[in-house]
Amino acid sequence: MGGEIGRGWCAIIVMILSAFVVLARTCDLYEGSWVYDESYPMYDSSKCPHIRKEYDCIKYGRPDLTYLKFRWQPTNCPLPRFDGEEFLTKMSGKKIMYVGDSVSVNQWQSMVCLLHAALPPQSNITDETINSTRTFTYQDYGVSISIFLSHYLVDIVDEKIGRVMKLDSITDGDIWKENDVLIFNTWLWWYRRDKQPWDYIEIDGKIVKDMDRMVAFREALKTWGNWVDSDVDTQKTTVFFQGVSPSHYNGEDWNEKGVTNCAKEKVPLSGSTYPGGVPTAETVVEQVLSALKKPVSLLNITRLSQLRKDGHPSSFNAFKGMDCTHWCVAGVPDTWNQLLSAALV
Ligand SMILES: *[C@@H]1O[C@H](CO)[C@@H](O)[C@H](O)[C@H]1NC(C)=O
Ligand SMILES: *[C@@H]1O[C@H](CO)[C@@H](O)[C@H](O)[C@H]1NC(C)=O
Ligand SMILES: *[C@@H]1O[C@H](CO)[C@@H](O)[C@H](O)[C@H]1NC(C)=O
């Protein structure tokens, strides 16, 4: 009799647990679409004093403002609105660092603006730059949020022959691993030849003048992955890698043949599929991450950002060049931070 009751309870518990498993599996925050929401953006960019002139689209004359009014809506679950005070309270005493290229700067600036808007004006926020690291510290919460600019993550060393990019070495990691949360990103510079900041590549102890850039990118990510596995205490430090941030120069990717930039884009693509598919670099990122021993979360922003052909500065920046690579602040990076916050708090 008692045994039967026990078995009954067991069955109920198993059912409840499997319901949770199904919920957890179907609740993918990165699968969804953009919906118009009058209550957005989350802050007024003209009130945020920290926006770099490359990303301050309204200040540099962007006339259409609809791009600010979209909220990311996951298909199977709600994405909580970013709450700056809650975020700082939950992260109390912690050090957060973004590491990567100018897309990381883009995201860091969005975070700093989100928090600026959330806090009272008398809050004690300090701003300090030491070597490659700029840090905002929210003294009332003991939370610091840093940006460490690193185009390739791996080292570039001045040697007799010139500047050598060492695909198998990451010495800056000693600084990074002191943080409690790390958000990595690199991609933008791997195919760049203008202003390229290295002269040679070192791989497996050999020096070469150049090589297949996608292979080099994969090697560098593998080095980064080995560094995480060997050097990062993931009990203490939560590690994110950001998916590749897409640019919009090829209209064919979003079914507008002949379009070669984002100048005329004023609204996102509707729905949740992107005709252009997954960027090759993103596939490389996902392959490298899946081979790691330590837990690293993919901040899977590629698809949702692909849908935002309207989110770039285009010519509304200080240098007036056509920029369909970076993102307006306020704008799409606010959603990246909203997703980061949802993963953390
Ligand atoms: C990233 O998100 C896209 C869109 O939801 C999805 O198709 C893809 O499988 C995700 N990648 C990973 C590694 O979770
Ligand atoms: C802000 O915090 C820093 C560091 O604790 C302190 O040195 C400074 O005096 C504070 N400033 C104000 C205005 O309270
Ligand atoms: C800044 O860089 C210098 C020179 O490489 C180094 O000696 C110093 O320790 C660095 N400072 C910090 C706080 O990392």
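This is a predicted model: local features need pLDDT of at least 70, side-chain atom pairs count only at pLDDT 80 or more; totals for chains, interfaces and linings use all residues.
Colleague: Hi! How many bridges join strand S4 to strand S5, and which way do the two run?

Modeller: Six bridges join S4 (residues 125–130) to S5 (residues 133–138), and the two run antiparallel. Two strands pair if DSSP finds at least two bridges between them. Strands (E, at least two residues) and helices (H or I, at least four) are DSSP runs, numbered from the N terminus.

Colleague: Thanks. Back to the pair: what lies between S4 and S5?

Modeller: Two residues separate them, and together the strands form a hairpin. Asn 131, in the turn, has a positive phi of about 50 degrees. Across the pair, Asp 127 has Phe 136 in S5 as its bridge partner.

Colleague: And Thr 129, is that buried or exposed?

Modeller: Thr 129, which sits in S4, counts as exposed because its relative accessibility is 54%. The cut-offs are under 20% relative accessible area for buried and over 50% for exposed, with partly exposed in between (1.4 Å probe, protein chains only). The C-alpha atom of Thr 129 is 9.5 Å from that of Ile 147, 18 residues away along the chain.

Colleague: What sheet does S4 belong to, and in what order do its strands come?

Modeller: The sheet is open and has seven strands, in the order S4-S5-S6-S3-S9-S12-S13, with mixed pairing. S4 and S13 (297–299) are at the edges with a single partner strand each, so one side of each has no neighbour in the sheet. From one strand to the next, the twist averages 20 degrees. The angles come from axes, lines fitted to C-alpha atoms (for helices over the stretch in contact), and run from 0 to 180 degrees between N-to-C directions.

Colleague: How do S3 and S9 run?

Modeller: They run parallel, joined by five bridges. Gly 100 stands opposite Asn 185 in S9.

Colleague: Which helix lies across S3 and S9?

Modeller: That's H8, which also lies across S12 (238–242) and S13 and runs at about 150 degrees to S12.

Colleague: New topic: which residues touch the most other members of the largest nonpolar core?

Modeller: Phe 87 and Ile 145 do, in a core of 54 residues. H3 gives the largest share, eight residues. A nonpolar core is a set of buried Ala, Val, Leu, Ile, Met, Phe, Trp, Tyr and Cys residues joined through side-chain atoms within 4.5 Å.

Colleague: What does Phe 87 touch?

Modeller: Leaving out residues up to four places away in sequence, its contacts include Phe 82, Ile 96, Met 111, Leu 115 and Ile 145. Contact means heavy atoms within 4.5 Å. There is also a second, separate core of 37 residues, with Met 214, Leu 221, Trp 224 and Val 288 among them.

Colleague: And which residues surround ligand 1?

Modeller: Tyr 30, Glu 31, Glu 286, Leu 298, Asn 300 and Arg 303 do, where a residue is near a molecule if one of its heavy atoms lies within 4 Å of it. An N or O atom in the side chain of Asn 300 is 2.3 Å from an oxygen atom of the ligand, and one in the side chain of Glu 31 is 2.9 Å from a ligand oxygen atom.

Colleague: Last one: why does Arg 308 count as buried?

Modeller: Because its relative accessibility is 2%. Arg 308 is in the loop between H7 and H8, and its side chain makes a polar contact of 2.8 Å with that of Asp 310. A polar contact is a pair of N or O atoms within 3.5 Å; within protein, one must be able to donate a hydrogen and the other to accept it, and residues adjacent in sequence count only if both atoms are side-chain atoms. Thr 325 is in that loop between H7 and H8 too, and its side chain has a polar contact of 3.3 Å with that of Tyr 249.

Notes
Residues are numbered from 1 along each chain as its sequence is written. Chains are lettered from A and ligands numbered from 1 in the order in which they are written. Side-chain values use heavy atoms; hydrogens and water are left out.
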